[in-house]
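Please look through the chain and its fold below, and then follow the questions, which move from a pocket to a core, a helix pair and some loop residues.

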Amino acid sequence: MPYFYFDWTYILVILGAVICMIASARLNGTYNRYARVQSLSGMTGAQAARRILDSAGLYDVEIRHVSGRLTDHYNPGNRTLNLSDTTYNSTSVAAVGVAAHECGHALQHKDAYFPLSFRSTLVPIANIGSSLAWPVIIIGALINGSMGFTIIEIGILLFSLAVLFQLVTLPVEYNASHRALVQLEEQQILLPQEVKHTKKVLSAAALTYVAGAAAAILQLLRLVLLFGGKRDD
């Protein structure tokens with residue numbers, strides 16, 4: 001079994017995990033800090049979201065309360081804005097910022113923002129890639145000769161699709177945050193100083209996506225290094 005052994009490339013996986021842990025810790029610290037700062041307007045995350053959506057003519061986008069912490073998301077399929085327990089009824093600048101960020105995705109959907117549309121088309125492909133990549137690679141590793149290596153290459157290609165999804169996510173998230181900050185100021189939901197606080201929260205959240213993409217790239221690099229020269233072995 002020539003492919004199953006501990007090698008230095010596993011350091012890349014550890015490095016990716018450390019990067020993700022640092023980004024997650026930074027997000028939690030930043031969010032917790034500004035979750036204690038109440039907005040002067042007194043608007044909750046749900047109320048701020050409703051104002052932003054209505055100002056854009058998105059009256060048909062329903063705002064829903066979902067359980068969890070930072071499980072907020074916009075669903076373009078059923079046009080719902082889902083706000084978590086820590087966002088929906090909270091009046092903190094952090095919660096209002098997160099709600100506005102999800103509104104940013106709704107605005108992207110309205111404007112047919114290409115990266116968002118492209119990411120949506122990648123979702124089923126990326127899910128297949130992330131779930132099947134490793135089983136396919138392991139099967140290929142168990143088969144000797146060119147057939148085994150071909151199967152490994154297919155597995156790496158599947159994993160590459162998941163990495164592509166991570167990369168496409170980056171402009172989508174950064175653009176949504178930019179739209180959120182503009183709306184918070186234009187709709188006078190937050191004062192300029194409060195917007196600065198919210199920007200720190202959204203920037204920390206964006207870094208988690210950067211970290212996720214970096215970890216995926218490092219994992220892909222490991223696969224290439226690990227199996228790239230095996231065809232001629």
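Helices (H or I, at least four residues) and strands (E, at least two) are DSSP runs, numbered from the N terminus. This is a predicted model, in which local features need pLDDT of at least 70 and side-chain atom pairs count only at pLDDT 80 or more, while totals for chains, interfaces and linings use all residues. Residues are numbered from 1 along each chain as its sequence is written, and side-chain values use heavy atoms, with hydrogens and water left out.

Q: Which element gives the most to the lining of the largest pocket?
A: A pocket is, on a 1 Å grid over the protein atoms alone, an open set of points where a 1.4 Å probe fits, with protein on both sides within 12 Å along at least five of seven lines, and lining residues have an atom within 4 Å of a point. The largest pocket is lined by 24 residues, of which Asp 72, His 101, Glu 102, Glu 173 and Tyr 209 lie nearest its centre. At least two lining residues come from each of α1, β2 (73–75), α4, α5 (114–142), α6 and α7. The element that gives the most, with 6 residues, is α7.

Q: How many residues of the lining of the largest pocket are charged?
A: Asp, Glu, Lys and Arg count as charged, Ala, Val, Leu, Ile, Met, Phe, Trp, Tyr, Cys and Pro as nonpolar, and the others, Gly among them, as polar. On that basis the lining divides into 14 nonpolar and 6 polar residues, and the number that are charged is 4.

Q: Is Ala 99 buried or exposed?
A: Ala 99 lies in helix α4. Not counting residues up to four places away in sequence, Ala 99 touches (heavy atoms within 4.5 Å) Gly 45, Ala 49, Leu 81, Leu 83 and Thr 87. Because its relative accessible area is 0%, Ala 99 is buried.

Q: At what angle do α1 and α4 pack?
A: The contact is made by Tyr 31, Tyr 34 and Ala 35 of α1 and by Val 93, Ala 94, Ala 95 and Val 98 of α4. Axes are lines fitted to C-alpha atoms, for helices over the stretch in contact, and angles run from 0 to 180 degrees between N-to-C directions. The two axes are 6 Å apart, and the angle is about 115°.

Q: What is the phi of Ala 112?
A: Most residues other than glycine have a negative phi. Ala 112 lies in the loop between α4 and α5, and at 54% relative accessibility Ala 112 counts as exposed. Although Ala 112 is not a glycine, its phi is positive, at about 55°.

Terms used:
Buried < 20%, exposed > 50% of the residue type's maximum accessible area, 1.4 Å probe, protein only.
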